[in-house]
Amino acid sequence: MTTPEPSIRTTARQVRGALARRSGRRAEAWAALWLMAKGYRILGFRLRTRLGEIDLLAQKGRVLAVVEVKSRTTLEAALAAVTPEQRDRLRRAGQAAAG
């Protein structure tokens, strides 16, 4: 039995997903560079905790930064893309990562 060929729609969706993942990784790298320029030490990328994923974990002195990276055209759009539920999840994931 042969596997049916993927439809053009599925293939296009896969391409869009791959491009979005690449764009997200690029945005995370830029965010890490920006944080390092500000004196932060990057502790981890795409960390998985039992409470969720953290895009970037960084530290400067006693400040532990839990960063959700959003690649948007404006700061307002990026802020709106992080819901209160996501903020709570990030806060809990950061506390779990901090020990």
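Glycine 61 takes a positive phi near 65 degrees in the hairpin of S2 and S3. That hairpin has 2 residues between its strands. The model is predicted. Its sheet is open, with 3 strands in the order S1-S2-S3 and antiparallel pairing. Helix H3 lies across S1, S2 and S3.

**Sheet layout**

- The edge strands are S1, residues 41–49, and S3, residues 63–67. Each of these two pairs on one side only.
- From one strand to the next, the twist averages 25 degrees.
- In general, strands of a sheet pair through backbone hydrogen bonds, in either a parallel or an antiparallel sense.
- Helix H3 covers residues 84–98. H3 runs at about 60 degrees to S2.

**Pairing of S1 and S2**

- S1 and S2 run antiparallel and are joined by 7 bridges.
- The two strands form a hairpin, with 2 residues between them.
- Threonine 49 stands opposite glycine 52 in S2.
- Isoleucine 42 has alanine 58 in S2 as its bridge partner.

**Pairing of S2 and S3**

- S2 spans residues 52–60 and pairs with S3 over 5 bridges, in the antiparallel sense.
- Alanine 58 stands opposite alanine 65 in S3. Alanine 58 is also the bridge partner of isoleucine 42.
- Leucine 57 has valine 66 in S3 as its bridge partner.

- Is glutamate 28 buried or exposed? Glutamate 28 counts as buried because its relative accessibility is 8%, and the cut-off for buried is under 20%.
- The side chains of glutamate 28 and arginine 46 are joined by a polar contact of 2.6 Å.
- Beyond its neighbours within four places in sequence, glutamate 28 is in contact with Phe45, Arg46, Asp55, Leu56 and Val69.
- Arginine 46 lies in strand S1. Arginine 46 counts as partly exposed because its relative accessibility is 40%, and that class runs between 20% and 50%.
- Phi of arginine 46 is near 45 degrees, a positive value in a residue other than glycine. Most residues other than glycine have a negative phi.

**Leucine 43**

- Leucine 43 also has its place in strand S1.
- With a relative accessible area of 36%, leucine 43 is partly exposed.
- Leucine 43 touches Leu57, Ala58, Gln59 and Leu64, leaving out residues up to four places away in sequence.
- Leucine 43 and glycine 17 are 26 residues apart in sequence. Their C-alpha atoms are 27 Å apart in space.

**Alanine 31**

- Alanine 31 lies in helix H1.
- Not counting residues up to four places away in sequence, alanine 31 touches Leu56 and Val69. Leu56 and Val69 are also among the contacts of glutamate 28.
- Alanine 31 and valine 67 are 36 residues apart along the chain. Their C-alpha atoms are separated by 8.8 Å.

**Largest pocket**

- Rolling a probe the size of a water molecule over the atoms shows where empty space is left.
- What is the volume of the largest pocket? The volume is about 400 Å³.
- How many residues line the largest pocket? The lining has 18 residues.
- Val67, Glu68, Val69, Lys70 and Leu75 lie nearest the centre of the pocket.
- H1, S3, helix H2 (75–80) and H3 are the elements that give two or more residues to this lining.

Key
Residues are numbered from 1 along each chain as its sequence is written. This is a predicted model: local features need pLDDT of at least 70, side-chain atom pairs count only at pLDDT 80 or more; totals for chains, interfaces and linings use all residues. Side-chain values use heavy atoms; hydrogens and water are left out. Two strands pair if DSSP finds at least two bridges between them. Helices (H or I, at least four residues) and strands (E, at least two) are DSSP runs, numbered from the N terminus. Axes are lines fitted to C-alpha atoms, for helices over the stretch in contact, and angles run from 0 to 180 degrees between N-to-C directions. Contact means heavy atoms within 4.5 Å. Buried means under 20% relative accessible area, exposed over 50%, partly exposed in between (1.4 Å probe, protein chains only). A polar contact is a pair of N or O atoms within 3.5 Å; within protein, one must be able to donate a hydrogen and the other to accept it, and residues adjacent in sequence count only if both atoms are side-chain atoms. On a 1 Å grid over the protein atoms alone, a cavity is a set of points where a 1.4 Å probe fits but cannot get out, and a pocket is an open set with protein on both sides within 12 Å along at least five of seven lines; lining residues have an atom within 4 Å of a point. Grid points are joined across faces, edges and corners, and a volume is the space filled by probe spheres set on the points.
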